Amino acid sequence: MTKLTWAGFITLVGALAACGGKQQAGGGGGGSGEDMSPMDQMMSDSMAVSDDDGSTFGPLEIGADWQTYVKVNTSPVTSETHGGRLVDTYVNQLGARAYLDEEAEIPIGTVLVKTSTEPDGSPGPLFVMAKKSPGFAPDQGDWYYAIQWANPPAAWAKKLGGPIYWRTPSKRAAYCVECHENYDRFLGGVPAPQRLPSLPE
Ligand code: HEC
């Protein structure tokens, strides 16, 4: 498997965007397929996958305490891979040190929550990853993935059928790893200029 650097991936996504999937100005807000970022396209496509136990909406089962985590970016990051949304990444105490050290192994029990803001300023989806014990999901590095969107704007709510909460092992959450498996440790990481330099004492 080729490992992509973050910058390399952005270039790739940029190239994809250049040849067709142009970003909708001010949007992604439920535009037609042509106008969507690859991420939004994948999210939309997941609606065609049949629902299952891991796709019923409800409160966060993992990561609900994210407001107590360490924020690992110093300013909001524009995430082309997550639909051009502005994102902040939070890591629980257990995993924060390893997350910031690219050489370190991520400890079991690490939880990452990425909050996002839509281009119009409304709250976007929450993205969750959790490192589980060996055997949980060996084909995806034993990572759990979830996307929860409690209040999607009208155009998205129509497309998604209301609020969503898709999490491993739901097939609707399967597209996350298709991209994350391209990265070392399955982590996209915070771009260096915006990465927290060291943990707060
Ligand atoms: C097209 C590629 C792509 C897809 C699809 C994708 N991600 Fe990501 N993800 C990234 C990249 C690149 C980063 C790091 C930069 C950023 O935050 O955008 C990242 C960062 C994250 C982070 C912060 C931790 C880290 O450093 O990796 C979480 C949590 C996350 N993604 C969850 C998800 C979930 C859950 C899904 C599926 C619903 C998903 N991602 C789908 C590429 C992707």
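A residue is called buried if 20 or more other C-beta atoms lie within 10 Å of its own, exposed if 12 or fewer do, and partly exposed in between, with C-beta atoms placed from the backbone. The model on display is predicted; local features need pLDDT of at least 70, side-chain atom pairs count only at pLDDT 80 or more, and totals for chains, interfaces and linings use all residues. Residues are numbered from 1 along each chain as its sequence is written. Helices (H or I, at least four residues) and strands (E, at least two) are DSSP runs, numbered from the N terminus.

**Stop 1**

Select Asp142, in the loop between strand 5 and strand 6. Asp142 is partly exposed, having 17 other C-beta atoms within 10 Å. Its phi is near 60°, a positive value in a residue other than glycine.

Continue to Phe186, in the segment after helix 5. Phe186 also has a positive phi for a non-glycine residue, near 65°, and is partly exposed, with 19 other C-beta atoms within 10 Å.

**Stop 1**

**Stop 3**

Which residues of helix 2 are buried? They are Met39, Asp40, Met43 and Ser46. Seen down the axis of helix 2, these buried residues fall within an arc of 120° (taken over the directions from the helix axis to the C-beta atoms), so they line one face of the helix. They pack against strand 7 and helix 5, where contact means C-beta atoms, placed from the backbone, within 7 Å.

Next, select helix 3 (residues 93-100), in which Gly95, Ala96 and Tyr99 are buried. Because the buried residues of helix 3 fall within an arc of 125° when seen down its axis, they line one face of the helix. Their packing partners are strand 1 (70-71), strand 3 and strand 4.

**Stop 2: strand 7 and its partner**

Move to strand 7 (residues 164-167), which is covered on both faces: Ile164 and Trp166 are buried on one side, Tyr165 and Arg167 on the other. In a regular strand the side chains alternate between the two faces of the sheet. Strand 7 pairs with strand 6 in the antiparallel sense over four bridges; pairing requires that DSSP find at least two bridges between the strands. Opposite Trp166 in strand 7 stands Ile147.

Follow the chain into the loop between strand 7 and helix 5, the place of Pro169. The peptide bond from Thr168 to Pro169 is cis, with omega near 10°.

**Stop 5**

Finally, select Pro59, in the loop between helix 2 and strand 1. Is this residue buried or exposed? Pro59 is exposed, with 8 other C-beta atoms within 10 Å. Pro59 and Gln148 are separated by 89 residues in sequence, but by 8.6 Å in space, C-alpha to C-alpha.

Note on methods: Two residues are in contact if their C-beta atoms, placed from the backbone, lie within 7 Å.
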